[in-house]
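Please load the model in your viewer and keep a selection panel at hand. The tour below goes from stop to stop, saying at each one what to select and what is to be found there.

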Amino acid sequence: MKILILNGPNLNLQGRRDTGIYGSQTFESYFETLKARYAQVEFSYFQSNIEGELIDAVQQADGRYDGVVLNAGGYTHTSVALRDAVSAVSVPVVEVHISSILAREEFRHTSLLAPVAKGSIMGFGLDSYRLGVEALLPEERR
């Protein structure tokens, strides 16, 4: 099984940015833990602060991966183009967020991605990514 983890803007600052909300662990160290936990999964990881690169990554995942775990960061609330890319591909996409977007500022309450994603997971810290992976795994591999 092949899963792409795709992170959007500012997630390259994980572990340094707003640690009271997002925690102090870097994504890179968490990613190593995730790979060790799911040795049967072939993971790829991509992060970009550029909307078009994220759209390209979603489109290129179709037919190459069995699933995508997507944290679109701020683009969750603003990017119709990223939403259109997710709805255009057949690869299942699970939307994840480190914090609960519903417990944050009002402008974060709306996800343009949720209606076209396989599901949405939020508020469990970096463990939201693990839950996103679990949602993509066949039941017998969980």
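Select D127 and R130 first: both belong to helix α5 (residues 127–136) and sit 3 residues apart, about one turn of the helix, where helices (H or I, at least four residues) and strands (E, at least two) are DSSP runs numbered from the N terminus. An α-helix has 3.6 residues a turn, so residues three or four places apart point the same way. This is a predicted model, in which local features need pLDDT of at least 70 and side-chain atom pairs count only at pLDDT 80 or more, while totals for chains, interfaces and linings use all residues. Residues are numbered from 1 along each chain as its sequence is written, and side-chain values use heavy atoms, with hydrogens and water left out.

D127 and R130 form a salt bridge, with the closest N and O atoms 2.8 Å apart; the term stands for a side-chain nitrogen of Lys or Arg within 4 Å of a carboxyl oxygen of Asp or Glu. R130 is buried at a relative accessible area of 16%, whereas D127 is partly exposed at 29% (buried is under 20% relative accessible area, exposed over 50%, partly exposed in between, with a 1.4 Å probe and protein chains only).

Now extend the selection to the whole of α5, which is mostly covered, 7 of its 10 residues being buried. Those buried are S128, Y129, R130, G132, V133, E134 and L136. The elements that cover them include β1, α2, β2 (42–47), β3 (67–71), β4 (93–97) and β5 (119–122), contact meaning heavy atoms within 4.5 Å.

Then select Q14, in the loop between β1 (2–7) and α1 (19–22). Is Q14 buried or exposed? At 5% relative accessibility, Q14 counts as buried. A polar atom of its side chain lies 3.1 Å from the backbone oxygen of Q25. Leaving aside neighbours within four places in sequence, the contacts of Q14 are with Y22, G23, Q25, T26, F27, I98 and L126.

Stay in that loop for N10, which has a positive phi of about 70 degrees although it is not a glycine. Most residues other than glycine have a negative phi. N10 is partly exposed, at 37% relative accessibility.

N10 and Q14, with L11, L13, R17 and Y22, line the largest cavity, whose volume is about 30 Å³. On a 1 Å grid over the protein atoms alone, a cavity is a set of points where a 1.4 Å probe fits but cannot get out, and a pocket is an open set with protein on both sides within 12 Å along at least five of seven lines; lining residues have an atom within 4 Å of a point. Grid points are joined across faces, edges and corners, and a volume is the space filled by probe spheres set on the points.

Finish at the largest pocket, of about 200 Å³. Among its 15 lining residues, R17, Y22, G73, G74 and R108 lie nearest its centre.

Methods:
A polar contact is a pair of N or O atoms within 3.5 Å; within protein, one must be able to donate a hydrogen and the other to accept it, and residues adjacent in sequence count only if both atoms are side-chain atoms.
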